[in-house]
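User: I would like to go through the structure below in questions and answers. Please give the cut-offs with each term.

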Amino acid sequence: MSRLRKLSCALLATLLAAAMLASGASASHSQPTFFESPALLLNPATRPATMATLQKLGVRAVRVELAWHTVAPDADSVHRPSFDATDPASYNWSEYDPLIEEAHARGWKILLTVTSPVPRWATGNPSGRSLLFKPDANQFRSFMTAVGRHYGSEASLFSIWNEPNHHEFLEPQFNTNGTPASPAIYRGLYTSGYAGLQAAGLAHPTVLIGETAPEGEAHPRRPVRGRNHNVSPITFMRGVLCLSVRYKRARSCPKLQVSGWGLHPYASIAGPFHVPKNPESVTIGVLSRMTSALDKAARAGAIPSHLPIYITEFGVIGTPNRFLGVPVARQVEYQAIAERIAYSNPRVASFSQYLLRDDTPKSRNHVGFQTGLEYDNGKPKPLFAGFPVPLTVNRRGSGYSLWGYVRPAGDATQVTVEAERRGSRRFTVLARVQTNSLGYWTHSSQVAASVWRVRWKSPEGVSYTGPPIRAY
């Protein structure tokens with residue numbers, strides 16, 4: 001084992017141990033996993049099969065990004081048309097209604113993220129080319145009233161904007177003097193959006209703030225690294241909440257009503273335990289950076305105390321991404337480790353998976369995301385088998401600590417743990433483990449093995465076999 005790998009494994013063990021201590025020996029909170037696969041779920045031709053696949057995988061929650069521009073009337077016009085912007089009948093919801101109605105009918109939780117691009121007539125410069133530039137907060141309030149009236153009974157929670165600290169979703173990120181511009185723009189959008197939902201009759205709407213990209217540098221969706229176009233998430237959070245670097249709140253900014261802070265804590269190719277050098281970045285291995293910052297903001301009176309974190313977009317990029325992809329066998333391991341880190345943190349209220357099927361590269365340098373459970377041709381990756389029954393194996397002294405989840409179970413059940421013992425080339429039963437009431441389980445073992453896996457059969461007779469997992 002290389003020195004770097006030994007250091008990485010030791011760091012991972014430390015992070016997980018700290019998280020488990022923070023939450024008690026065995027975390028017991030519910031952590032719904034929001035699944036997002038827009039290309040397949042919004043397409044009428046692929047939606048039915050995709051919904052059935054997700055159901056089998058154990059999915060019970062979806063994230064839907066609703067683009068203002070997509071539903072608005074005359075969205076490409078420089079001049080705002082004459083219409084009642086608070087009336088749902090003024091908009092074309094046809095792209096989103098079938099998905100949201102079917103998810104609601106299945107009893108799935110729905111996170112509705114209302115975001116850019118925006119109608120040209122609602123930008124700060126309608127004659128310009130950008131559909132992201134300084135969206136009009138007053139017009140956004142009216143739009144959110146229509147959203148609340150149309151989807152208020154179906155959405156479990158709302159979120160305002162996707163990655164507002166990223167230049168691909170909100171402009172400008174910085175003023176000409178180099179100071180962050182996006183936090184103040186976003187605060188106006190959030191407060192207006194929240195007021196719009198209240199005007200729709202939702203007296204105390206459940207609304208997430210943030211949904212921030214992980215780093216103040218090129219996002220994982222931009223594999224060719226360039227200039228720093230984005231505001232780091234913690235810097236952004238302080239700006240939105242009118243806090244100084246020392247967390248002193250401006251008196252002109254009242255306390256915001258929020259239900260949770262949304263995060264997209266993508267890890268780098270170095271893995272889920274990687275610690276970014278920028279202390280204002282927040283990836284999966286350093287969630288405590290955001291909880292600490294939120295606690296300081298709460299003490300300053302900017303937000304409610306003990307605000308939960310919602311991980312609303314996440315995934316591990318695998319091959320064939322030639323820039324940031326890890327081998328697909330490692331992808332499934334890293335994904336499970338990330339989920340365990342999140343589960344072990346009592347402040348985390350949700351986890352997520354972005355994409356069922358990989359993006360198809362548009363060009364050699366524009367490769368998109370390869371975080372899916374399937375390749376872009378629909379062929380399953382190891383993660384397809386691993387997602388419903390994630391498993392992690394950590395060395396602990398002379399033994400091993402196993403953690404897992406039976407996602408499709410939804411209740412207490414029994415899972416079979418198998419190991420390929422040292423010197424053997426076949427799997428044998430290591431233990432049959434009882435899960436808790438949510439489907440999570442842990443097990444300690446002194447048996448040395450090369451790889452481990454789990455098997456589970458549903459009450460309906462569907463069999464699940466996870467891929468081989470190595471110890472870290």
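Analyst: Buried means under 20% relative accessible area, exposed over 50%, and partly exposed in between, with a 1.4 Å probe and protein chains only. This is a predicted model, in which local features need pLDDT of at least 70 and side-chain atom pairs count only at pLDDT 80 or more, while totals for chains, interfaces and linings use all residues. Residues are numbered from 1 along each chain as its sequence is written, and side-chain values use heavy atoms, with hydrogens and water left out.

User: Is Glu-163 buried or exposed, and what is its relative accessible area?

Analyst: Glu-163 is found in the loop between β4 and α7, where helices (H or I, at least four residues) and strands (E, at least two) are DSSP runs numbered from the N terminus. Its phi is near 45°, a positive value in a residue other than glycine. Glu-163 is buried, and its relative accessible area is 0%.

User: What is the relative accessible area of Lys-134?

Analyst: Lys-134 also has a positive phi, near 40°, and is not glycine. The residue is found in the loop between β3 and α6. Lys-134 is partly exposed, at a relative accessible area of 43%.

User: Which residues touch the most other members of the largest nonpolar core?

Analyst: A nonpolar core is a set of buried Ala, Val, Leu, Ile, Met, Phe, Trp, Tyr and Cys residues joined through side-chain atoms within 4.5 Å. The largest one has 111 residues. Those touching the most other members are Leu-112, Phe-143 and Trp-452.

User: What radius of gyration does the protein chain have?

Analyst: The radius is taken over C-alpha atoms, and the globule rule is 2.2 Å times the number of residues to the power 0.38. For 472 residues, a compact globule would have a value near 23 Å, and the protein chain agrees with this at 22 Å.

User: How many residues in the lining of the second largest cavity are charged?

Analyst: Ala, Val, Leu, Ile, Met, Phe, Trp, Tyr, Cys and Pro count as nonpolar, Asp, Glu, Lys and Arg as charged, and the others, Gly among them, as polar. The lining divides into eight nonpolar, two polar and, as charged, one.
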